[in-house]
Amino acid sequence: MSHGYDYDLLCIGSGPAGQRGAVAAAKMGKRVAVIENRRIVGGVAVTTGTIPSKTFREAVLHLKKSAIQNRERFQRKTRPQIQDLLGRVSEVVQRESDVMERQLERNDIDLLWGNASFRNPHVVAIDDPEKGERIVTADKILLAVGTRPAAPPGIEPDGQRVITSDMLLQLARLPRKMIVVGAGVIGIEYAAMFAELGVDVTVVDGRERPLEFLDREMVDELIHQMRNVRVSFRLGERVASVNAADKSKVLVQLESGKRLVGDLMLFSVGRVGATDTLNLAAAGLGCDERGRIAVNDRFQTEVAHIYAAGDVIGYPALASTSSAQGRRAACYAFGGEPGDINQLFPFGIYAIPEISMVGQTEQELTKERVPYEVGIARYREIARGQILGDDSGLFKMLFHRHTRKLLGVHIIGTGATELLHIGQAVMTLDGGLDYFLGSVFNYPTLAECYKVAAFDAQNKLAYSAETEAPQLSEVKAEGV
Ligand SMILES: Cc1cc2nc3c(=O)[nH]c(=O)nc-3n(C[C@H](O)[C@H](O)[C@H](O)COP(=O)(O)OP(=O)(O)OC[C@H]3O[C@@H](n4cnc5c(N)ncnc54)[C@H](O)[C@@H]3O)c2cc1C
């Protein structure tokens with residue numbers, strides 16, 4: 001015990017940030033407790049977000065595969081039961097949560113159930129509905145409370161006709177017509193999954209293009225493939241009102257006058273920091289209008305002994321980055337130097353098909369006037385693509401035309417999120433085209449796409465070297 005406090009570190013929230021922070025501190029010999037208000041360990045990542053959505057997707061893909069094998073489609077008579085899909089999800093959620101709970105136990109970390117709120121900067125009250133209130137004190141505190149879905153304006157989600165992504169796992173039946181409001185990552189992922197189940201899906205978003213941080217060609221391909229499973233997009237359209245007065249229907253009125261009718265509306269327009277019940281003021285802290293807490297590059301808040309990590313500090317708000325931040329925050333809190341976090345984040349969009357990217361997009365390179373060349377491989381030209389039956393996968397690498405360095409990798413298709421990490425490693429180690437040209441890849445693998453795309457880029461570079469003189473802009477961009 002340090003300075004008479006109950007704990008050296010108190011982590012509020014047991015998601016990736018809190019859990020990893022707690023384990024890292026325990027490994028440094030610190031006395032640690034985690035407070036969690038959901039009665040299940042793992043946070044949004046395990047209970048309502050990452051793991052459930054990815055397990056749901058896997059179950060959908062499994063059904064799709066067996067339907068193809070049996071030459072069936074998800075027609076009325078063969079419609080899957082949502083309980084079968086969600087049953088698989090709860091199994092995985094429970095197992096994953098058990099693994100995490102055991103990990104906390106193994107590291108002698110106390111797990112305290114209940115909602116935490118500050119009494120003062122070192123004192124936290126834990127409100128457990130079963131056991132009442134308990135007060136704990138700590139030398140250092142890590143805020144890892146994550147986020148919750150923003151509520152749809154003007155209507156209370158009822159869990160059956162109007163839902164947020166947190167409620168999806170309680171659905172009693174598969175909808176026939178679903179309206180997804182918000183074409184961000186979560187909205188697009190669920191729209192793609194439900195469409196594969198034969199649900200008639202309409203996606204509405206005020207922006208003209210979804211997923212603008214991705215390379216445009218990948219998004220165009222995704223939209224094309226989603227339209228093939230009859231997803232309709234209403235882009236550049238805003239919702240004026242939602243009416244769920246009828247027990248079996250939900251009516252969504254758009255500002256343009258269009259009216260959409262469905263039996264389920266998923267509202268997935270952003271998430272807000274879960275800071276409202278923390279009584280931040282008692283700790284001398286505040287948050288922005290989206291409930292997020294500001295930190296410095298050591299994850300310290302304005303109050304030096306209180307740290308924050310994970311979704312509650314904002315971008316990039318991923319399970320992967322939250323884990324790394326939690327671990328680092330704990331390290332900084334106890335005098336460690338974990339080194340800089342590699343800023344070359346990979347992004348994975350688990351739609352059907354999946355998309356992954358690292359580095360820069362063609363749009364960014366064009367805007368910055370960086371001279372680049374594109375290398376493309378198509379899954380249908382790769383033996384593993386044929387074996388897998390994926391003939392639409394598209395793989396793209398972007399190389400600097402003069403230095404030949406790898407600037408970006410963009411993949412849409414089977415295994416994209418795994419395949420990407422080869423490119424991420426090469427980029428991190430400052431590699432480029434020559435690495436791929438000179439390497440032998442296992443055959444038949446999807447990784448062969450790297451080789452094929454590299455030769456494609458090499459051929460284009462060789463051709464343009466014969467036909468072009470360097471442009472003024474290229475010379476300038478390199479500072480020659
Ligand atoms: C549908 C969906 C799909 C996603 N898919 C992916 C994906 O594929 N890949 C990826 O990397 N990321 C994904 N994410 C994001 C990922 O889930 C989050 O980035 C991650 O969970 C954030 O971790 P965290 O530790 O910051 O907080 P969280 O996981 O949100 O955990 C915070 C925990 O703190 C608890 N808590 C909050 N307030 C208090 C309090 N006052 N007292 C006690 N406990 C409290 C909460 O109940 C929660 O259990 C997805 C998210 C969603 C919603």
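Biologist: Where is the place of Leu211 in the chain's secondary structure?
Modeller: This is a predicted model. Phi of Leu211 is positive, about 50°, although Leu211 is not a glycine. Leu211 sits in the loop between β10 (200–205) and α6.

Biologist: Is Leu211 buried or exposed?
Modeller: The cut-off for burial is under 20% relative accessible area. Leu211 has 4% relative accessibility, so Leu211 counts as buried.

Biologist: And Asp108, buried or exposed?
Modeller: Asp108 also has a positive phi, near 55°, and is not a glycine. Its place is the loop between α4 (82–106) and β3 (110–113). Exposed means over 50% relative accessible area. Asp108 has 62%, so Asp108 is exposed.

Biologist: Which residues does Gln225 touch beyond four places in sequence?
Modeller: Gln225 lies in helix α6 (residues 216–228). Its relative accessible area is 15%, so Gln225 is buried. With residues up to four places away left out, Gln225 touches Pro353 and Ser392.

Biologist: What is the omega of the peptide bond that joins Ile352 and Pro353?
Modeller: Pro353 lies in the loop between β18 (347–349) and β19 (355–359). The bond from Ile352 to Pro353 is cis, with omega about 5°.

Biologist: What is omega for the bond that joins Tyr443 and Pro444?
Modeller: Pro444 is in the loop between α11 (433–438) and α12 (448–467). The bond between Tyr443 and Pro444 is cis, and omega is about -5°.

Biologist: Which side chain makes a polar contact of 2.8 Å with the side chain of Arg404?
Modeller: Arg404 lies in the loop between β21 (394–400) and β22 (406–412). Beyond four places in sequence, Arg404 touches several residues, including Gly432, Leu437 and Leu461. A polar contact of 3.2 Å joins the side chains of Arg404 and Gln458. The 2.8 Å polar contact is with the side chain of Asp434.

Biologist: How far apart are the C-alpha atoms of Arg404 and Ala457?
Modeller: Arg404 is partly exposed, with a relative accessible area of 23%. Along the chain, Arg404 and Ala457 are 53 residues apart. Their C-alpha atoms are separated by 9.7 Å.

Biologist: Which residues come nearest to the ligand?
Modeller: There are 37 residues around the ligand. By class, the shell has 16 nonpolar, 16 polar and five charged residues. Elements that each supply at least two shell residues include α1 (16–27), β4 (115–120) and α7 (319–333). The nearest residues are Glu36, Asn37, Lys54, Asp311 and Leu318.

Biologist: What percentage of the ligand's accessible area does the protein cover?
Modeller: On its own, the ligand has 1000 Å² of accessible area. The protein covers 94%.

Biologist: Which residues touch the most other members of the largest nonpolar core?
Modeller: That core has 105 residues. Take Val201: beyond four places in sequence, its contacts include Met178, Phe194 and Val231. A second, separate core of 27 residues includes Ala377 and Leu420. In the largest core, the residues asked for are Leu10, Phe56, Val124, Ile141, Leu143, Phe194 and Val201.

Conventions: Residues are numbered from 1 along each chain as its sequence is written. This is a predicted model: local features need pLDDT of at least 70, side-chain atom pairs count only at pLDDT 80 or more; totals for chains, interfaces and linings use all residues. Side-chain values use heavy atoms; hydrogens and water are left out. A nonpolar core is a set of buried Ala, Val, Leu, Ile, Met, Phe, Trp, Tyr and Cys residues joined through side-chain atoms within 4.5 Å. Buried means under 20% relative accessible area, exposed over 50%, partly exposed in between (1.4 Å probe, protein chains only). Contact means heavy atoms within 4.5 Å. A residue is near a molecule or strand if one of its heavy atoms lies within 4 Å of it. Accessible areas come from the Shrake-Rupley method with a 1.4 Å probe; for residues, only the protein chains shown count as cover. Helices (H or I, at least four residues) and strands (E, at least two) are DSSP runs, numbered from the N terminus. Ala, Val, Leu, Ile, Met, Phe, Trp, Tyr, Cys and Pro count as nonpolar, Asp, Glu, Lys and Arg as charged, and the others, Gly among them, as polar. A polar contact is a pair of N or O atoms within 3.5 Å; within protein, one must be able to donate a hydrogen and the other to accept it, and residues adjacent in sequence count only if both atoms are side-chain atoms.
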